[in-house]
Number of protein chains: 2
Amino acid sequence: MNAEIIAIGSELLLGQIANTNAQYLSRKLADIGINVYYHTVVGDNSERLKQVITTAKSRSDLLIFTGGLGPTKDDLTKETIADAAGRNLVYDEKAMSAITGYYKKVNKKMSDNNKKQALVIEGATVFNNDTGMAPGIGFLEGETHYILLPGPPKEMKPMFSNYVEPYLKQTVNHSERIVSRVLRFFGIGESLLETKLEDLIERQSNPTIAPLAGDWEVTLRLTAKETSAEKTAVLLDEAETEIQRRVGDFFYGYGETSLAIETVELLKERKLTVAAAESLTGGLFSKEVTDVSGVSSLFKGSFVCYTNEAKKQLHVPDKLLQDFGAVSEECAKELAENARKQLNADIGISFTGVAGPDKSEGKEVGTVYIGLSTETDLAVHSLQLAGNRESIRARTVKHGFFDIMKHLQKGE
Amino acid sequence: MNAEIIAIGSELLLGQIANTNAQYLSRKLADIGINVYYHTVVGDNSERLKQVITTAKSRSDLLIFTGGLGPTKDDLTKETIADAAGRNLVYDEKAMSAITGYYKKVNKKMSDNNKKQALVIEGATVFNNDTGMAPGIGFLEGETHYILLPGPPKEMKPMFSNYVEPYLKQTVNHSERIVSRVLRFFGIGESLLETKLEDLIERQSNPTIAPLAGDWEVTLRLTAKETSAEKTAVLLDEAETEIQRRVGDFFYGYGETSLAIETVELLKERKLTVAAAESLTGGLFSKEVTDVSGVSSLFKGSFVCYTNEAKKQLHVPDKLLQDFGAVSEECAKELAENARKQLNADIGISFTGVAGPDKSEGKEVGTVYIGLSTETDLAVHSLQLAGNRESIRARTVKHGFFDIMKHLQKGE
């Protein structure tokens, strides 16, 4: 079975957004062993979409459409596909009651075109939209499988992984099991990681080992093919053991995780609490901790002390700021220590530095100090980072999480 | 003239990267008045690429290819296109000497397949690659314009803007100017906005008015075509005036901006300072303020008071927390007031509520209170938001910025 991903939306053809849906779906389909041979993007135009469907049907078995399921007049995906496949549109009761329920809940008037979102293709499987209005649709017509998904990634992604993936696994019969395992690394560049694993990457064909860099992290995707899940697991374990032996110091987790999630997990396990003082990072560390649900037992809070005035509120002495400046090891230590004590936490972490675009206190852009305080320990990690404001802040926070993880693992 | 952007590369079909080249090129082409009707992605496969070219030729005048110009065996774009267009490949001397020069400079041995990168299509215009090895290629065959560009964005982008854009402007004769203006709205849904503007959207063809929803905001893109920039400005002004009359209450800015950026601008103008107390939002408001550079004069800092313990640090009375709970109007008021006073700011803002996934203090997920305190005013904005944890937090922060903007504009 080979697939084609068809995105519908003029905003893509105008370059207002990138087709990240196609990337997400391609990766997901690869994981379940469906080859993707084409991506197509077409505008909100019924004639052109019809031609795209004709071409796609002639060369692909599975057509996955994203976008054009919205309430407005230029959303015409369902109408066009129903027409091309010779099927009717009917109202889906469940979707309709979800839509009316939503408008009741938020106490807003429902407009007539909102009802349009509850239309589905007759006889099709309907996929719930847990994060929006428009349901997804799946059906087989002749030899061609059609899947219709909403365009907004925050609706499309959960719908795909919760409902469409199981549907496809059931529909597509596999004798071959393809299983991927993703290892995540921090603090090592892609080229150095690749150099350390060069012989493995070249020699290995089952599992294949594919490095990918992004967001100042590197991931390795190991993909094994075998006749059973157990056999793929053996192949993956063997390859991973050798990889961990060589670059395990930089490893922090598997699959769709993050440094924040792994740090929170570790803190929960150890029943430890954390508090922060954020100057450079301005709340980003706290935001990432609280992105994870259920952290109120371990995250005591933080002080976003962007100005010296706010630092003094956290009892950083005037003299320290005068003698060493806010961007200093001394200030990082004081902030970490005071955050921990003030909020009665086990671990205090602090971030101070220069995010740019301009120098500060005569210190270069990218100068960073991360303070880490516990009852028995007080350390500073100093860094010199390249990049712009956004990347300096994001990487600093990642280093903060990694520092906490390493500190906790050291104690093992 | 209408264009199709064809990306070649298995890494796109595997989802390892997103097709950001298509986004960049689409935006660039829109700016110079060339319509893009299709994007296509195909793998490094000669047969399938040939079919894609046949389809593209039948529906588009300008085919822009990205990728597959590299030195390896699976890079076959030039060979396949030369074949499809009935042309020969020849070595380009300038490209060849650049390649040999590079290998001399880095003192590495040049492999035979590196030479392949200097091959170009006979009789074509060759575009310099200032940031890599593979030159670009442009030619007209029959009625079809072909442009071949390298895949890596850091090579493709400078090549396009330095060489291909002038080439296209010369090739495509314009008497027409196309200018877009983007208006950004918050606090109104896409369908309601569209209902209020329905007659305009349908009647208008110059400028066209295209709504787009995303990130809990709605944008309207107005696109005018005329013979001069002045004339497009008149058309855009006329349309905007009527739009602002109808939905101006929800308008907050133009083009590539954000609620955070506009709020910071307004605070700077008024020389006012702000401080925050973030329970529900856990640092996200502060993070977004400090994403903007140069805010230390106006952002006094904030307290991320995720737990009641941290709220007491901010002098929220025990009794208030017992009587009303942390998720209450009363607590929002106290937090906003205390943040403002403690950090000596003009405006104090606070966020408390339930992000989920579970209820808290018996209050529903999505219950939100935003407190706003100034020396003369103390108000609470209560909201009931639908969605998941991430979206509730993100939308709450957007409401906070919008509340500050509206408060400041009210004082006008």
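**Cavities, a pocket, helix contacts and backbone geometry**

The second largest cavity is lined by A:Phe303, A:Val304, A:Cys305, A:Ala310, A:Gln313, A:Leu314, B:Ser302, B:Phe303 and B:Leu343. Two or more residues of this lining come from each of strand S14 (299-304) and helix H12 (308-313) of chain A, and from strand S14 (299-304) of chain B. By class, the lining of the second largest cavity holds 7 nonpolar and 2 polar residues, with no charged residue. The volume of the second largest cavity is about 60 Å³. These values, like those that follow, refer to a predicted model.

In the whole structure, 2 cavities of 30 Å³ or more were found. The largest cavity has a volume of about 120 Å³. Its lining comprises 15 residues, and those nearest the centre of the largest cavity are A:Asn19, A:Ala22, B:Asn19, B:Ala22 and B:Val41. Helix H2 (20-31) and strand S2 (35-42) of chain A, together with helix H2 (20-31) and strand S2 (35-42) of chain B, are the elements that give two or more residues to this lining. The lining of the largest cavity consists of 9 nonpolar and 6 polar residues, and no charged residue is present in it.

The lining of the second largest pocket divides into 13 nonpolar, 13 polar and 6 charged residues.

Two packed helices are described by the angle between their axes and the distance between the axes. For H2(B) and H7(B), the axes come within 11 Å and cross at roughly 25 degrees. The two helices, H2(B) and H7(B), are therefore roughly parallel, the limit for this class being an angle under 35 degrees. The crossing of H2(B) past H7(B) is right-handed. On the H2(B) side, the contact involves B:Thr20, B:Asn21, B:Tyr24, B:Leu25, B:Lys28 and B:Leu29, which meet B:Pro153, B:Met156, B:Lys157, B:Phe160, B:Ser161, B:Glu165 and B:Leu168 of H7(B). The contact residues of this pair are 7 nonpolar, 3 polar and 3 charged.

In chain A, helix H3 (residues 46-59) and helix H4 (residues 77-85) have axes that come within 10 Å and cross at roughly 50 degrees. H3(A) and H4(A) are therefore oblique to each other. H3(A) passes H4(A) with right-handed geometry. H3(A) contributes A:Ser46, A:Leu49, A:Lys50, A:Ile53 and A:Lys57 to the contact, while H4(A) contributes A:Thr77, A:Thr80, A:Ile81, A:Asp83 and A:Ala84. The residues of the contact between H3(A) and H4(A) comprise 4 nonpolar, 3 polar and 3 charged.

Most residues other than glycine have a negative phi, and most peptide bonds are trans. In chain A, the peptide bond from A:Asn206 to A:Pro207 is cis, with omega near 5 degrees. In chain B, B:Asn206 and B:Pro207 are joined by a cis peptide bond with omega of about 5 degrees. B:Pro207 is located in the loop between helix H8 (190-203) and strand S10 (208-214) of chain B. A positive phi, near 55 degrees, is found at A:Lys271, a residue other than glycine. The loop that holds A:Lys271 runs between helix H10 (259-270) and strand S13 (274-278) of chain A.

Conventions
Residues numbered from 1 in each chain as written. Chains lettered and ligands numbered in written order. Predicted model: local features only at pLDDT ≥ 70, side-chain atom pairs only at ≥ 80, totals over all residues. Heavy atoms only, no water. Axes fitted to C-alpha atoms, helices over the stretch in contact; angles between N-to-C directions. Helix = DSSP H or I, 4+ residues; strand = E, 2+ residues; numbered from the N terminus. Parallel < 35°, antiparallel > 145°, perpendicular 65-115°, else oblique. Left-handed = near helix turned anticlockwise from the far one by under 90°. Contact = heavy atoms within 4.5 Å. Nonpolar A, V, L, I, M, F, W, Y, C, P; charged D, E, K, R; others polar. 1 Å grid on protein atoms, 1.4 Å probe; cavity = no way out; pocket = protein on both sides within 12 Å on 5 of 7 lines; lining within 4 Å. Points joined across faces, edges and corners; volume = space filled by probe spheres on them.
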